[in-house]
Amino acid sequence: MNTNLHPTIHAKTATFFLHMCLLIVALSNGANPSAFAADEYYFPSSSNIINEQTLKVYGAADYQAISPVFQSFQKQHPNLSIIYKEFSTRELDKAVRSHQDWPDVLLSPAMDLQVKLVNDGLTYSYSSSQTEQLPKWASWRNEAFAFTYEPVAIAINKAILGNDPLPKNRTDLLRLIRKKSEIFHKKIGLLDIETVGLGYLTWAHDSQQSRTYGRLLEVFGAHKAQLYPNSTAMLGALANKDIYVAYNVLGSYASDWAIRFPEIMVILPSDYTSVILRSALIPKHAKHIPLAKLFINYLLSEEGQKVIANDSSLIPIRLNIGNNNTITTLRQSSQSPLLPITFGFPLILLTDKAKRNILLKEWESSMWFNK
């Protein structure tokens, strides 16, 4: 996949050009609706129409990963400008629930938070020929639509291996950490499940599936695992040898980093590999619902899915599209370790405060010294 992109966006004026050059606008914390921590990116239209329309998209996808989709969509709609705000998953959810600043489209890999928004009546129901082509397991109540299929991986810096083989599963990983215990001290990376929605989702899934869950919690805590705000930060630390293992990192991002940094090796655990579905939805009070519908249709279309497959580091939801032969083969195999997280009502249980508090209490009792 070609992910080293340097897109050219044609600004209509010097002001727009400067806006795009800056790219990242850090928003300070405060009481107003723009106070939620986010980076803002602007994609101006290529037309000279004064009364152009602007699509506002909030998401938790890295700018480099999602920008090819916006650019390709704009080729079909040259009169359209796009504002993309990149949040962490929990900040993204909070921004929408503020009821003050409604985007037109919301993109997030935090499946439990997306389903909760639907369940709380904060989303817009929509059906089209594109949404109806999704398998039943890839949408929820015609309000949240999966557009990527992303395994959750373990990534290792091969410098730690020496003569040891690459772990194939969680038991192998535990064995390697125990064998090289001193070297792994403060060298394990995790998403902070207290503040990172995707981290909580994947860790909660581990607690339900893994026979090694208790041992992982014990070993990660004993070795003073380092906590990170997202997969990209964790992979950067892995490439720099600040850590030697990144646990529960997005496989799509990890594969991209492995191409650019050969010292990174990506593992899809043979005991089971969780899969998250990055989904799109239209908030209930979006200002430009017709535009939002157009964009979601494009995300799910063959053309949009090909852009995701070929020009971004993400993995498309459509099985027959893409060049990731490993994932395609595993999805078609009856012996596949891929275990998609169920997209639907069971996720509501993960958002229950009592359930969340139990999981966080276990986590805090092991990770207290990292605070």
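A residue counts as partly exposed when its relative accessible area falls between the buried range, under 20%, and the exposed range, over 50%. Lys 186, at 43% relative accessibility, therefore counts as partly exposed. Keep that scale in mind for this tour of a predicted model. The protein chain has 15 helices and 14 strands, and buried residues make up 55% of its 371 residues.

**The chain as a whole**

- Take the contacts in the protein chain with a separation of 6 or more: 75% of them are accounted for by residues 24 or more positions apart.

**Lysines with a positive phi**

- Lys 241 is another case, with a positive phi of about 65°. Its place is the loop between α9 and β10, where Lys 241 is partly exposed with a relative accessible area of 41%.
- Lys 224, which follows α8, has a positive phi too, near 50°.

**Helix α8 and its neighbours**

- Helix α8 covers residues 213–222, and its buried residues are Tyr 213, Leu 216, Leu 217, Val 219, Phe 220 and Gly 221.
- What do those buried residues of α8 pack against? The partners are the helices α6 (170–179), α7 (197–209) and α15 (353–367), together with the strands β8 (188–191) and β10 (245–250).

**Where α11 meets α12**

- Two packed helices are described by the angle between their axes and the distance between the axes.
- For helix α11 (residues 289–300) and helix α12 (residues 302–311), the axes come within 4 Å and cross at roughly 65°.
- On the α11 side, the contact involves Tyr 298, Leu 299 and Leu 300. They meet Glu 302, Glu 303, Gly 304, Gln 305, Val 307 and Ile 308 in α12.
- By class, the residues of this α11 and α12 contact are five nonpolar, two polar and two charged.

**The largest pocket**

- Rolling a probe the size of a water molecule over the atoms shows where empty space is left.
- The largest pocket holds about 360 Å³ of space.
- Its lining has 22 residues, and the ones nearest the centre of the pocket are Phe 87, Ser 88, Thr 89, Pro 229 and Asn 230.
- Two or more lining residues come from each of α3 (89–97) and α9 (231–239). Helix α3 gives the largest share, four residues.
- The pocket lining splits into nine nonpolar, six polar and seven charged residues.

**Cavities**

- How many cavities of 30 Å³ or more are there? The count comes to three.
- The largest cavity has about 70 Å³ of space. It is lined by 11 residues, with Ile 315, Pro 316, Ile 321, Asn 324 and Thr 328 closest to its centre.
- That largest cavity's lining contains five nonpolar, four polar and two charged residues.
- The second largest cavity has a volume of about 40 Å³, and its lining is Leu 190, Leu 191, Ile 193, Gly 199, Thr 202, Trp 203, Tyr 247, Asn 248 and Trp 363.
- At least two residues of the second cavity's lining come from each of β8, α7 and β10, and α7 gives the most, with three.

**Two residues to look up**

- Is Ser 231 buried or exposed? Ser 231 has a relative accessible area of 4%, so this residue counts as buried.
- Ser 231 lies in helix α9. Leaving aside residues up to four places away in sequence, Ser 231 touches Leu 191, Val 249, Leu 250 and Tyr 253.
- Leu 166 sits in the loop between β7 (150–157) and α6, and is partly exposed with a relative accessible area of 29%.
- Not counting residues up to four places away in sequence, Leu 166 is in touch with Ile 156, Leu 161, Met 265 and Ile 267.
- The C-alpha atoms of Leu 166 and Val 266 are 9.5 Å apart, although the two residues are 100 residues apart along the chain.

Notes: Residues numbered from 1 in each chain as written. Predicted model: local features only at pLDDT ≥ 70, side-chain atom pairs only at ≥ 80, totals over all residues. Heavy atoms only, no water. Axes fitted to C-alpha atoms, helices over the stretch in contact; angles between N-to-C directions. Contact = heavy atoms within 4.5 Å. Nonpolar A, V, L, I, M, F, W, Y, C, P; charged D, E, K, R; others polar. Buried < 20%, exposed > 50% of the residue type's maximum accessible area, 1.4 Å probe, protein only. 1 Å grid on protein atoms, 1.4 Å probe; cavity = no way out; pocket = protein on both sides within 12 Å on 5 of 7 lines; lining within 4 Å. Points joined across faces, edges and corners; volume = space filled by probe spheres on them.
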